[in-house]
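User: I am new to this structure. Please walk me through it with a few questions and answers.

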Amino acid sequence: MRPALLTARRKALVAWSVILLLPALLFPSPARADNPIVQTIYTADPAPLVHNGRVYLYTGHDEDGSTYFTMRDWHVYSSADMANWTDHGSPMSLSTFAWADANAWAGHVASRNGRFYWYVPVRDRASGSMAIGVAVGDSPTGPFRDAIGRPLVNNGEIDPNVFIDDNGQAYLYWGNPRLWYVRLNTDMISYSGSPTQIPLTTAGYGTRTGNASRPTLYEEAPWVYKRNGLYYNVFAAECCSEFIAYSTAPSATGPWTYRGTIMPRQGGSFTNHAGVVDFNGGSYFFYHNGALPGGGGFTRSVAVEKFTYNADGTIPTINMTTAGPPQVGTLNPFVRQEAETSAWAQGVETEPASEGGMNVGFIENGDYLKVKGVAFGTGASSFTARVASGSGGGTIEVRLGGPTGTLAGTCSVPGTGGWQSWTTVTCPVNGATGTRDLYLRFAGGSGYLLNFNWWQFAQGGSSGGNLLTNGGMENGTTGWTASGGSTLSSATNLAYAGSRSLLNSGRTAAWNGPNQNVTSSLTNGRSYTTSVWVRSQSGTPSAKATLAVTANGTTNYFQLTPARTVNTGGWTQLTGTTTVSWTGTLTNASFYVETATGTDGLYIDDASFQ
Ligand code: FUB
């Protein structure tokens with residue numbers, strides 16, 4: 001169900017965006033921060049997992065406006081480049097565990113034998129205390145089901161973490177206020193022996209002062225892993241607020257030696273919770289803070305920093321940043337990319353899409369998506385978007401370098417009759433070359449404009465240029481002629497953009513229209529994208545753009561756009577992509593706008609054929 005009102009978080013994000021955009025207005029095209037990783041909801045307790053060339057990030061979810069750890073489901077994100085993250089939605093919630101009734105807290109996912117085991121602390125309905133459940137799925141994004149139908153361990157403590165040693169022995173660690181481990185069996189859903197308490201000595205876990213019942217720094221959130229033969233336990237230290245510290249050991253069961261602080265108290269959340277992975281030759285430290293608008297101790301957000309181990313294996317101090325790690329490689333715009341893949345999503349939310357996966361929704365005027373490091377190479381000629389709108393639609397502005405950066409194209413999204421009634425729109429693009437940060441900015445009236453499922457660019461020549469002369473119609477009738485004895489004039493009373501459009505009146509047949517010779521520009525077998533904005537002088541004719549191609553004495557007609565009804569009250573975009581080919585010697589090619597029937601006059605503006 002679509003909320004009628006902005007949530008407090010969304011309002012805060014809008015307010016924040018105004019503040020963030022102030023420098024943009026003063027200094028065009030700023031680099032945009034990419035931490036926290038998720039902007040569409042509050043997320044907490046990151047648990048990263050590297051699998052098949054991607055980093056999967058499992059998080060908890062702080063409900064908007066929480067004044068406690070009010071958490072009901074878990075979410076999954078993934079990235080191939082550590083900058084752009086794909087939202088996979090929420091494949092697991094409290095309802096996955098029939099025996100649990102609250103507190104979907106900090107979990108951890110481990111992979112073994114092609115399966116994914118998600119260990120989570122939840123409140124056991126029967127005892128009313130915290131217990132640890134385990135769910136299993138066949139893919140890193142689920143679906144997940146309760147593996148055993150009851151708690152795996154049930155001692156009132158939290159924050160499970162699983163480590164599988166080189167010899168195949170898996171360990172489950174957890175605990176607050178104590179620290180426990182137990183040896184998991186290879187099925188990963190049962191264990192051998194009894195849970196064992198790890199001695200919390202000051203040598204192993206540092207010294208806490210002023211708390212007789214907790215003499216060491218260990219608080220919660222263990223994260224155990226092995227590197228170069230050394231075992232690390234990264235944990236949340238002291239409370240409150242917490243910092244992140246670590247200990248090391250020669251084996252998975254200790255003895256542990258306290259090594260110091262990794263991340264000092266920072267970031268506006270009184271808890272912190274870390275996860276550490278190596279990916280693509282780099283080391284990454286995940287944590288959470290209160291950095292989003294409205295954020296704090298119960299409205300947290302996950303973030304990540306890249307770091308390098310010291311030569312002796314110790315971990316350097318890591319500070320929170322808003323920039324996040326550098327991008328690994330680039331993003332390919334010429335294959336389908338999900339709308340819910342972005343480095344920053346401003347003002348929008350995500351939801352399950354009827355076509356599968358997720359879509360970006362709840363889009364309003366001025367919202368935008370930042371996609372970092374998009375490799376356009378020698379150029380893109382058009383942009384295609386999968387969209388739906390239960391209202392009147394809007395536009396997607398294809399911008400480069402910033403939310404108010406260079407406008408490379410504008411795609412018009414019509415109302416489609418439903419928020420999940422999907423259609424594909426295409427618009428020409430100019431000047432998208434090299435590797436740029438892509439901003440897809442949404443514009444339109446008030447209220448929700450459209451939903452957005454995926455996008456893809458088509459490759460184009462380095463010119464990326466419009467083959468039409470005076471496509472903007474700002475230079476009078478230059479470049480255009482009128483067929484069939486109809487007349488052309490430059491209209492100064494109506495324009496889709498700029499101050500002029502082109503009026504074709506006195507039409508005596510449907511094929512009469514404003515046209516332009518493009519013979520010398522055509523390449524046999526190439527794909528061309530057309531966009532032209534049309535308005536009728538009278539009536540509601542059906543208009544379309546056509547290319548007449550004459551080769552070896554034969555003329556073929558290519559429909560460049562579908563026919564769309566145009567009217568006198570507003571502008572309608574005709575757009576499409578068509579492959580143009582011929583046999584023999586090309587002698588003439590003429591681009592024109594015509595009607596399916598009738599002789600109503602036509603205004604045209606912002607025409608491009610490229
Ligand atoms: O998110 C709820 C609890 O807060 C987690 O279980 C702890 O690690 C702390 O982050």
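User: Into which domains is the chain divided?
Analyst: This is a predicted model. The domain bounds come from an automatic or database domain assignment. By that assignment, the chain is divided into domain 1 (32-307), domain 2 (337-456) and domain 3 (481-609).

User: How many residues of domain 1 are in contact with domain 2?
Analyst: The C-alpha centres of domain 1 and domain 2 lie 34 Å apart. Contact is counted atom by atom, with heavy atoms within 4.5 Å. Domain 2 brings 15 residues to the contact, and the number from domain 1 is 15.

User: What area is buried between domain 1 and domain 2?
Analyst: The size of an interface is often given as the accessible area lost when the parts come together. Carbon and sulfur atoms give 48% of the area buried between domain 1 and domain 2. The total is about 1,300 Å².

User: How many salt bridges are there between domain 1 and domain 2?
Analyst: Polar links come in two counts here. Residue pairs in polar contact between domain 1 and domain 2 number 9, both partners at pLDDT 80 or more. For salt bridges between domain 1 and domain 2, the count is 2.

User: Which residue forms a salt bridge with Lys370?
Analyst: A salt bridge needs a nitrogen and a carboxyl oxygen within 4 Å. For Lys370, the closest N and O atoms are 2.9 Å apart. The partner is Asp34.

Definitions and conventions. Residues are numbered from 1 along each chain as its sequence is written. This is a predicted model: local features need pLDDT of at least 70, side-chain atom pairs count only at pLDDT 80 or more; totals for chains, interfaces and linings use all residues. Side-chain values use heavy atoms; hydrogens and water are left out. Buried area is the accessible area (1.4 Å probe) that two parts lose on being put together, summed over both. A salt bridge is a side-chain nitrogen of Lys or Arg within 4 Å of a carboxyl oxygen of Asp or Glu. A polar contact is a pair of N or O atoms within 3.5 Å; within protein, one must be able to donate a hydrogen and the other to accept it, and residues adjacent in sequence count only if both atoms are side-chain atoms.
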